[in-house]
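Dear colleague,

I am passing on the structure that I have been looking through, and below it you will find my notes. Please keep the model open while you read, so that you can follow each place as it comes up.

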Amino acid sequence: DTGYVGTELGDWGFMPTDPAALRRELETRGLDLLGAFVPVAFAAEQAHADGQERAVKTARLMAEAVGTHPFIVLADDNGKDTARTKLAGRITPEQTLSKQQWETFSKGVNRVADAVRREAGLRTVFHHHCAGFVEAPWEIEQLMMTTDPKLVGLCFDTGHYKFGGGTDALQGLRQFRERIWHVHFKDCS
């Protein structure tokens with residue numbers, strides 16, 4: 001009734017987890033399934049296996065229900081690090097991940113995206129998000145430089161970009177245009 005033609009999956013269990021039931025619910029409402037948000041604590045290598053398992057399970061559900069056009073929308077497990085949460089919107093370069101942490105983080109993102117593609121045929125985007133380890137424009141840039149452009153696209157979120165220190169969302173769209181595969185649009189005026 002509102003005019004929407006698509007939706008994301010929501011938290012696991014919010015919509016049916018049986019592919020046929022999910023397809024029926026979407027068709028009844030005239031909606032397409034666009035993606036599903038999967039947060040993973042990528043800075044902690046021990047979280048990668050669980051994140052991969054959840055992402056692949058979610059990707060398989062979507063692929064079986066509607067095909068391989070939806071995205072897995074990965075993000076850091078935002079809001080779990082107290083310092084990052086308190087400093088959300090005010091992160092400085094000194095407060096970003098170390099070189100080793102970036103290697104761990106990027107390795108995990110590539111690992112999950114590769115598994116999603118191999119096991120479910122879906123593409124993966126990364127959503128930069130406030131109160132997470134990829135928030136500020138230079139952190140987005142770092143992640144894009146250290147992940148495989150064939151495996152990982154960017155879910156560019158205009159609101160989080162601006163809140164995270166980006167002065168102009170259009171500048172961010174231009175800067176990352178080669179990697180943007182999915183957009184979350186919020187009025188930032």
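Is Arg84 buried or exposed? With a relative accessible area of 3%, Arg84 is buried, where buried stands for under 20% relative accessible area, exposed for over 50% and partly exposed for what lies in between, with a 1.4 Å probe and protein chains only.

Before going on, please note that this is a predicted model, in which local features need pLDDT of at least 70 and side-chain atom pairs count only at pLDDT 80 or more, while totals for chains, interfaces and linings use all residues. Residues are numbered from 1 along each chain as its sequence is written, and side-chain values use heavy atoms, with hydrogens and water left out.

Arg84 and its surroundings

Arg84 belongs to helix H3; helices (H or I, at least four residues) and strands (E, at least two) are DSSP runs numbered from the N terminus. A polar atom of the Arg84 side chain lies 3.1 Å from the backbone oxygen of Gln95. If residues up to four places away in sequence are not counted, Arg84 touches several others, including Ile91, Thr96, Ala131, Phe133 and Glu139, contact being heavy atoms within 4.5 Å. One of these, Ala131, sits in the loop between E4 and H5, and it has a positive phi of about 70 degrees although it is not a glycine. Ala131 also counts as buried, at 12% relative accessibility.

Helix H5

Helix H5 covers residues 137–146, and Pro137, Glu139, Ile140, Leu143 and Met144 are buried in it. These residues lie on the same side of H5, because they cover an arc of only 160 degrees around the axis, the arc being that of the directions from the helix axis to the C-beta atoms. An α-helix has 3.6 residues a turn, so residues three or four places apart point the same way. The buried residues of H5 pack against helix H3 (82–86), helix H4 (99–120), strand E4 (123–127), strand E5 (152–157) and helix H6 (158–163).

His160 in helix H6

His160 has its place in helix H6 and, at 14% relative accessibility, counts as buried. Its side chain makes a polar contact of 3.4 Å with the side chain of His129, where such a contact is a pair of N or O atoms within 3.5 Å; within protein, one must be able to donate a hydrogen and the other to accept it, and residues adjacent in sequence count only if both atoms are side-chain atoms. A polar atom of the His160 side chain also lies 3.2 Å from the backbone nitrogen of Cys130.

Helices H1 and H2

Helix H1 (residues 19–29) packs on H2 at an angle of about 60 degrees, with the axes 8 Å apart; axes are lines fitted to C-alpha atoms, for helices over the stretch in contact, and angles run from 0 to 180 degrees between N-to-C directions. H1 and H2 are therefore oblique to each other, since angles under 35 degrees count as roughly parallel, over 145 as roughly antiparallel, 65 to 115 as roughly perpendicular and the rest as oblique. At this packing, Pro19, Leu22, Arg23 and Leu26 in H1 meet Leu61, Glu64, Ala65 and Val66 in H2.

Thr58 also lies in H2 (residues 48–66) and is buried, with a relative accessible area of 8%. The Thr58 side chain reaches the backbone oxygen of Arg54 at 2.8 Å.
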